[in-house]
Amino acid sequence: MTDRRGELAIQLEKVRGEIAAAARAAHRQPEEISLVVVTKNFPASDVEHLISLGVSDVGENREQEGSLKSSEIQSSINWHFIGQLQRNKVKSVLQWADVIHSVDRIELAHEIVKRAAGRSQKVRVLVQVSLDSAPGRAGAPREELNEIASALANSPMVELSGLMAVAPLLEDPRAAFQRLQSIQADFMSDFPEAVWCSAGMSGDFAAAIEFGATHVRIGSSILGSRPTFG
Ligand SMILES: *Cc1c(COP(=O)(O)O)cnc(C)c1O
């Protein structure tokens, strides 16, 4: 058996170093950037190892998997829902997620406001913006951000926290994240509290940090290539 914890420790340390280096290169403080480790398709035992290595934020992209895994973890950490969200899953996501990154339709905003009403703690919500002109991809067009954010900002149990984006596949991520930075600057003139910028994955987090990411979502660089189930 390989020493899984040792393996994760090495990869985590490497990624933390790369985040710090990217921050310094951008004249930012490494502490300004939060690492969300994306544990989708990996078992709860990996989450336990990561917690023992100081990880406090974990991301999942499927409701069922996140619900199950979070129920197996006793420590109180922050669970981030980063996947495409369906309206009929909002209620269950709210039972385990502390942060939802991927609200990209007004109907999801309304459903979150409705379902968050009974919570004892606020849920943080990010609006996902599309950096892609191709239709059908995840993320709202920038013209729709304000309407979605206004609906969220109306609720006392929702904390509108910022924007989330994924760089388009066929574009230089630096160009995409530069666009995101300017979209966020506009957005913040209406929603000054929305300071989080969730951007950057294993392949492009240095570029995201260069253009202002506050939260990077990193999976495979830390956990290895994802096993596929079924
Ligand atoms: C899977 C996933 C990630 C992490 O991707 P890696 O390339 O494994 O780092 C980040 N963000 C979202 C939305 C994802 O679905």
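**Ligand site and salt bridges**

The shell around the ligand comprises four nonpolar, three polar and three charged residues (Ala, Val, Leu, Ile, Met, Phe, Trp, Tyr, Cys and Pro count as nonpolar, Asp, Glu, Lys and Arg as charged, and the others, Gly among them, as polar). The model is predicted: local features need pLDDT of at least 70, side-chain atom pairs count only at pLDDT 80 or more, and totals for chains, interfaces and linings use all residues. Residues are numbered from 1 along each chain as its sequence is written, and side-chain values use heavy atoms, with hydrogens and water left out.

**Ligand surroundings**

- Residues near the ligand (a heavy atom within 4 Å) include Val-38, Lys-40, Ile-82, Met-201 and Gly-219.

**Polar contacts** (N or O atoms within 3.5 Å)

- The side chain of Ser-202 places an N or O atom 2.6 Å from a ligand oxygen.
- A polar side-chain atom of Arg-217 is 2.9 Å from a ligand nitrogen.
- For Arg-226, a polar side-chain atom lies 2.7 Å from a ligand oxygen.

**Salt bridges** (a side-chain nitrogen of Lys or Arg within 4 Å of a carboxyl oxygen of Asp or Glu)

- The whole structure contains 16 salt bridges.
- One of them joins Arg-4 to Asp-46, with the closest N and O atoms 2.8 Å apart.
- Because Arg-4 lies in helix α1 (residues 4–25) and Asp-46 in helix α2 (residues 44–52), the pair ties together parts 42 residues apart in sequence (helices are DSSP runs of H or I, at least four residues).

Key. A polar contact is a pair of N or O atoms within 3.5 Å; within protein, one must be able to donate a hydrogen and the other to accept it, and residues adjacent in sequence count only if both atoms are side-chain atoms. Helices (H or I, at least four residues) and strands (E, at least two) are DSSP runs, numbered from the N terminus.
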